[in-house]
Amino acid sequence: MKINDKIRLLREEHLLSQEQMAEKMHLSTNSYGKIERGETKLTLNKLEQIADIFDLDVVELIQNCDEKNISYQVNHYGSNIFSTASNIKDILNENEKLSLIIAHKDETIQQLQEEIKLLKEMLSFLKVA
């Protein structure tokens, strides 16, 4: 099943009109209609909006879909990375990599905070002596 068909089915199951979906996503009805017709590439941001409307995780939304063109943009250490994944598995793999990068960044920040605290204590000790 294509992602645009799944989105349409979910919308119908939730008894929402295209106009209501467009309003929830802050889009024009025409722009939303293009999503359901598969005439526009879906960004990760749009997928997150749609998933939130249906109270789903993005992974649940895209699971079992054979979508070929989902775009994503990530700001990593001040650099914008923009890519178009060839399939859903690529996005999930990229998400896993980015999660590891974020975890490493958090560990580095924690370590630096501890070093700052130690240096402040050493400076305080030197001022007293």
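Modeller: Buried means under 20% relative accessible area. The model discussed here is a predicted one.

Biologist: Why does N4 count as buried?

Modeller: The relative accessibility of N4 is 9%, and the limit for a buried residue is under 20%; therefore N4 counts as buried. N4 lies in helix α1, which spans residues 3–13.

Biologist: What makes the pairing of the N4 side chain with the backbone oxygen of E36 a polar contact?

Modeller: A polar atom of the N4 side chain lies 2.9 Å from the backbone oxygen of E36.

Biologist: Why is the pair E36 and R11 called a salt bridge?

Modeller: The rule asks for a side-chain nitrogen of Lys or Arg within 4 Å of a carboxyl oxygen of Asp or Glu. The side chains of E36 and R11 meet at 2.4 Å, N to O, so the pair is a salt bridge. E36 lies in helix α3 (residues 29–37) and R11 in helix α1, so the pair ties together parts that are 25 residues apart in sequence.

Biologist: How do you know whether E36 and R11 are buried or exposed?

Modeller: E36 has a relative accessibility of 6% and R11 has 10%. Each value is set against the limit of under 20%; therefore E36 counts as buried, and R11 counts as buried too.

Biologist: What makes R8 and E12 a salt bridge, and where do they lie?

Modeller: The closest N and O atoms of R8 and E12 are 3.4 Å apart, and the cut-off is within 4 Å, so the pair qualifies as a salt bridge. Both residues lie in helix α1, four residues apart, about one turn of the helix.

Notes. Residues are numbered from 1 along each chain as its sequence is written. This is a predicted model: local features need pLDDT of at least 70, side-chain atom pairs count only at pLDDT 80 or more; totals for chains, interfaces and linings use all residues. Side-chain values use heavy atoms; hydrogens and water are left out. Helices (H or I, at least four residues) and strands (E, at least two) are DSSP runs, numbered from the N terminus. Buried means under 20% relative accessible area, exposed over 50%, partly exposed in between (1.4 Å probe, protein chains only). A polar contact is a pair of N or O atoms within 3.5 Å; within protein, one must be able to donate a hydrogen and the other to accept it, and residues adjacent in sequence count only if both atoms are side-chain atoms.
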